Amino acid sequence: MLLLRKRRNVKEGPNFFIWSTMIVGSVFDFLVLWLYACLQAPKETDKQISGMVEESVKLAKVFCENKWPVLAFLDSHHPDKPEHPYPPHCLIGTEESELVPALQRLEKETNVTIRRKDCINGFLGSIEKDGSNVFVDWVGTNKIKVILVVGICTDICVLDFVATALSARNRGFLAPLEDVVVYSRGCATYDIPSHVAKSNNEVVAHPQELMHHIGLYMAKGRGAKIAWEVLVGPHEKP
Ligand SMILES: [Zn+2]
C-alpha cells in the first residue's frame, strides 16, 4: 500500500492530510526535456532533477516488486518530423530517446508498458493509427482507479498529460479512473536562469523552482491531487 501525504500547509490546518487510497498504477513520464536540462543547466548537480530520478527509482522498485502496472512514456522522434517549437530532440535510436540508466530495468519488467510517443502530451501520444489509445486501454484493462504521475518536465509534459487525462476522465473516457495524483518530489523541470537567457537570444528564461511550482499549481487547478510524500506500507497486492 502507498500512502500519499500532502505537505503541511498553514491554510489547510495543522494536520497533514493522509490519503490512504491503494495505488494500482503509475505513469513515468520521461521526455526529452530531461536532456535539455542536462545541457542547459549549470554544471553543478541539479538537485531537483536528481531528486526526481531518485524518487522515481524508489517507486519503480515498489511497483515492480508488487507487479503493479506501470506505464512509461518515452519521447521518440523521427528526424524528419520536428516537434514545433522545440529543436530536434529524442531522435529514434539515440541515447536521448531511452530511459535514464537508473530506470532501464523497467524495460525487462512484465508489469511495465513502454509507450514511445512523438508528442509532448502523453495522452495524445498514446493514440494509435486505428484511433485506439494505449493509455486509455491500459487504464481500462488494469482497472486503474488512481494514477501517480512522476517525471519531467513538471510544467510541460507532466502538466499537459495530467490536464488532458483529467478532462478525459470528466468526459467519461477513462473509467474506472477516479484520481490523478502528481508526486511533487517525483517531478522536475529544467533550469535556464534569466542571466543565461539575457546573454543568449536563442533561449527563453525558465527558472526551475518557479516553473516547477507553476506546473504543480496548474495541475492542482485542473483537479489533480498533489502529493509531497509517498510512504510505502506493507506490500499488499491490490
Ligand atoms: Zn518531443
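A residue counts as buried here if 20 or more other C-beta atoms lie within 10 Å of its own. With that cut-off, 37% of the 238 residues of the protein chain are buried. This is a predicted model, and the chain has six helices and nine strands. Of the contacts with a separation of 6 or more, 75% are between residues 24 or more positions apart.

Now the core. The largest nonpolar core has 47 residues, and those touching the most other members are Val 149, Val 158, Val 162, Val 181, Val 182 and Tyr 183. Two or more residues each come from α2, β4, α3, β6, α4, β7 and α6. Helix α4 gives the most, with seven residues. In general, nonpolar side chains in soluble globular proteins tend to be buried together.

On α4 itself, residues 154-170: the buried positions include Thr 154, Asp 155 and Asp 160, along with Ile 156, Val 158 and Phe 161. After α4 comes Gly 172, with a positive phi near 85 degrees.

Next, Val 182. Leaving aside neighbours within four places in sequence, Val 182 is in contact with Val 149, Val 158 and Val 162, and also with Cys 187, Leu 216, Ala 219, Ala 224 and Ile 226.

Last, Val 139, which sits in helix α3, residues 134-141. Val 139 counts as buried because 25 C-beta neighbours fall inside 10 Å. Outside four places in sequence, the contacts of Val 139 are Ile 144, Leu 174 and Leu 177. Pro 69 is 70 residues away from Val 139 along the chain, yet their C-alpha atoms are separated by 9.3 Å.

How values were computed:
Residues are numbered from 1 along each chain as its sequence is written. This is a predicted model: local features need pLDDT of at least 70, side-chain atom pairs count only at pLDDT 80 or more; totals for chains, interfaces and linings use all residues. Helices (H or I, at least four residues) and strands (E, at least two) are DSSP runs, numbered from the N terminus. A residue is buried if 20 or more other C-beta atoms lie within 10 Å of its own, exposed if 12 or fewer, and partly exposed in between; C-beta atoms are placed from the backbone. Two residues are in contact if their C-beta atoms, placed from the backbone, lie within 7 Å. A nonpolar core is a set of buried Ala, Val, Leu, Ile, Met, Phe, Trp, Tyr and Cys residues joined through C-beta atoms within 7 Å.
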